[in-house]
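Welcome, and thanks for taking a look at this one with me. Below are some numbered points to read alongside the structure.

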Amino acid sequence: MKKLKMDTRTGFSDSNEILSNSSSVCCLDQASSEPSLSPSEVSGLNRLSENLHSIFDSSDFEFFADARLAVARGREIPVHRCILSARSGFFRNLFSGSKDKGSRFELKDLAKDYEVGFDSVVAVLGYLYSGKVRPLPSGVCVCVDEDCSHTACRPTVEFMVEVLYASFTFQVSELVTLYQGHLLDILDIIAIDDILVVLSVANMCGKACERLRERCIEIIVKSNVDVVTLDKALPQHNVKQIMDYRLEFNLDNPEGHIFPDKHVKRIHRALDSDDLELVRMLLKEGHTNLDEAHALHYAVAYCDAKTTTELLDLGLADVHCRNHRGYTVLHVAAMRREPKIIVSLLTKGARPSELTFDGRKALQITKRLTRSADYFKSTEEGKASPNDRLCIEILEQAERRAPLLGEASVSLAMAGDDLRMKLLYLENRVGLAKLLFPMEAKVVMDISQVDGTSEFLDGLSSKNLAGAKRTTVDLNEAPFKIQEEHLIRLKALSRTVELGKRFFPRCSEVLNKIMDADDLSQMAYLGCDTPAERLVKKRRYMELQEVLSKAFNEDKEEIDRSALSSSSSSTSIGVVRPNGKLNV
């Protein structure tokens, strides 16, 4: 059989691209010992492949589907039992146990050990129908970094290992061989953290991927990956094998970073339990400090955002400290892609300009991990922006260092020293942000710990905007008195707005336009209005909708242009906009 090659844009390709009479091969080797096919037979096989391919791809044949495969996020693929049963023993056994037409099968029940995405399942099923390896799906094997060749970045690797695992699960041995071979071809240029992913999947595939498993272990043994990372990513038998090899070939010093001492392990276990009090007690013993234990690196990589924030608030860890692999804490946060952690580090002075030993910034790390298809797809109505996209936006804004200056808006400036008016303004603004920019608002509100304060119900909060009963302060009956709880709330809301201006300036600009509308607060009162008043409010409502719609469309056009052009994405990426509707 001729060796198949893979182009990063079109997928595995071969000049013949035809089926033989054996389902275990995906192209015909004219030089093999098998009898050669006549041109008419080749043409017939090609036509058969195309016809079967159309059954899978065309909605015209969905009526004839007698089963459905539920993949992810509510997406289903209609399939035909007869075709899949003839092509795969796995499906033959699966379908023989269910005779009902239209039976629904959950992918998570079929592929239990590893999550497989929609595009990867389509790639395997498409091969089972047509006998041909489909071109790589657009944007799926391409990361956001415009300088990447996309030969071995995370999206490419993830797609390959997902197809490999799905092929193994569905007993499509020829695809297992094909994708294992391609991963072996690019293994030397895959990032070491991605090789850990490859090794995990190779383990699941057992003897079918033995060559891939052995090569991954060989590379990891020679790498600088520490035992903590190995413990989190691999089963213990792999970790032991790797560490034994390192000792055998004298590649590591047992007293060095590869074997953290018991005090470091105890700090890590305390962080796993979110027990900051225990961390304080362990530090008082004086055996090590947070930087020596790389505790902040550990928390950023494996603990929840709240634990990381609390650890930062201790003020005992250096956010610029590098671990033994040369990563700052921000580099590790960029790998994890959790926006709240990234913002927390940046507010504590983490520098986005710091480079890894191989010359990457945090922004480039995140871009190389993010699929272009996810980043550039249009925002679905009512859906929050993806975490990956939000992380890129935050890091880009941090590199620009161009937060909005001055007051949040004209409305706040006009409030002067009136604390009640400032509190009312901030409550209204944050409430609107929660409705219009839910993910961005959640990031900054969590960091500012707004939820730990008492809501000022005189404000146009998100609950009030959603229709909850409002309580008001009657200024004619008694003067308003600022209490300590109001001051705590004021500080938290001010911090939220400040962080919003710094990291999401375009969201802030939209909110400024809305908040500076002097009749906004009146729009919440819909109970006793006259028909004329309701008409005025309806007109104003439409005007505000137009402001939001315009902002949304401008950003969408800019994102679409970025996806088509080769210009730097750092100058063309905008925040995910609201859906153009103001729900009050």
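1. A word on burial before we start: a residue is called buried under 20% relative accessible area, exposed over 50%, and partly exposed in between, using a 1.4 Å probe and protein chains only. Please keep in mind that this is a predicted model, in which local features need pLDDT of at least 70 and side-chain atom pairs count only at pLDDT 80 or more, while totals for chains, interfaces and linings use all residues. Residues are numbered from 1 along each chain as its sequence is written, and side-chain values use heavy atoms, with hydrogens and water left out.

2. Here is the overall picture. The protein has 584 residues, and 51% of them count as buried. Its secondary structure comprises 27 helices and 5 strands; these are DSSP runs numbered from the N terminus, with helices being H or I of at least four residues and strands being E of at least two. Contact here means heavy atoms within 4.5 Å. Among contacts with a separation of 6 or more, 71% join residues 24 or more positions apart.

3. Now to the cysteines. How many disulfides does a search of the whole structure find? The search finds 0, taking a disulfide as a pair of cysteine sulfur atoms within 2.5 Å. As a reminder, a disulfide is a covalent bond between the sulfur atoms of two cysteines. For Cys148, the nearest cysteine sulfur belongs to Cys143 and is 3.8 Å away. Cys148 is buried, at 12% relative accessible area. Cys216 is buried as well, with a relative accessibility of 0%. Its closest cysteine sulfur, in Cys209, is 9.5 Å away, which is too far for a bond.

4. Next, have a look at how helix 18 (residues 362-369) meets helix 20 (residues 387-400): their axes come within 9 Å and cross at roughly 160°. The axes are lines fitted to C-alpha atoms, for helices over the stretch in contact, and angles run from 0 to 180 degrees between N-to-C directions. The two helices are therefore roughly antiparallel; the scheme calls angles under 35 degrees roughly parallel, over 145 roughly antiparallel, 65 to 115 roughly perpendicular and the rest oblique. The crossing of helix 18 and helix 20 is left-handed, meaning that the near helix is turned anticlockwise from the far one by less than a right angle, whereas clockwise would be right-handed. Helix 18 contributes Ala362, Leu363, Thr366 and Lys367 to the contact, and helix 20 contributes Asp388, Cys391, Ile392, Leu395, Glu396 and Glu399. These residues divide into 5 nonpolar, 1 polar and 4 charged, where Ala, Val, Leu, Ile, Met, Phe, Trp, Tyr, Cys and Pro are nonpolar, Asp, Glu, Lys and Arg are charged, and the others, Gly among them, are polar.

5. Helix 23 (residues 438-448) packs with helix 25 (residues 484-503) at an angle of about 135°, their axes being 9 Å apart. That makes helix 23 oblique to helix 25, and the crossing is right-handed. Val444, Met445, Ile447 and Ser448 of helix 23 meet Ala492, Arg495, Thr496, Leu499 and Gly500 of helix 25. By type, the contact residues are 5 nonpolar, 3 polar and 1 charged.

6. Which loop holds Phe357? Phe357 lies in the one between helix 17 (339-347) and helix 18, and it is exposed, at 63% relative accessibility. Phe357 and Gly326 are 31 residues apart in sequence, with their C-alpha atoms 5.8 Å apart. Leaving aside neighbours within four places, Phe357 is in contact with Arg322, Arg325 and Gly326.

7. Finally, two loop residues to check for backbone geometry. Most residues other than glycine have a negative phi. Gln171, however, has a positive phi of about 60°; it lies between helix 6 (154-169) and helix 7 (173-186) and is partly exposed, at 46%. His294 has a positive phi of about 50°; this residue is in the loop between helix 13 (276-284) and helix 14 (295-302) and is buried, at 18% relative accessibility.
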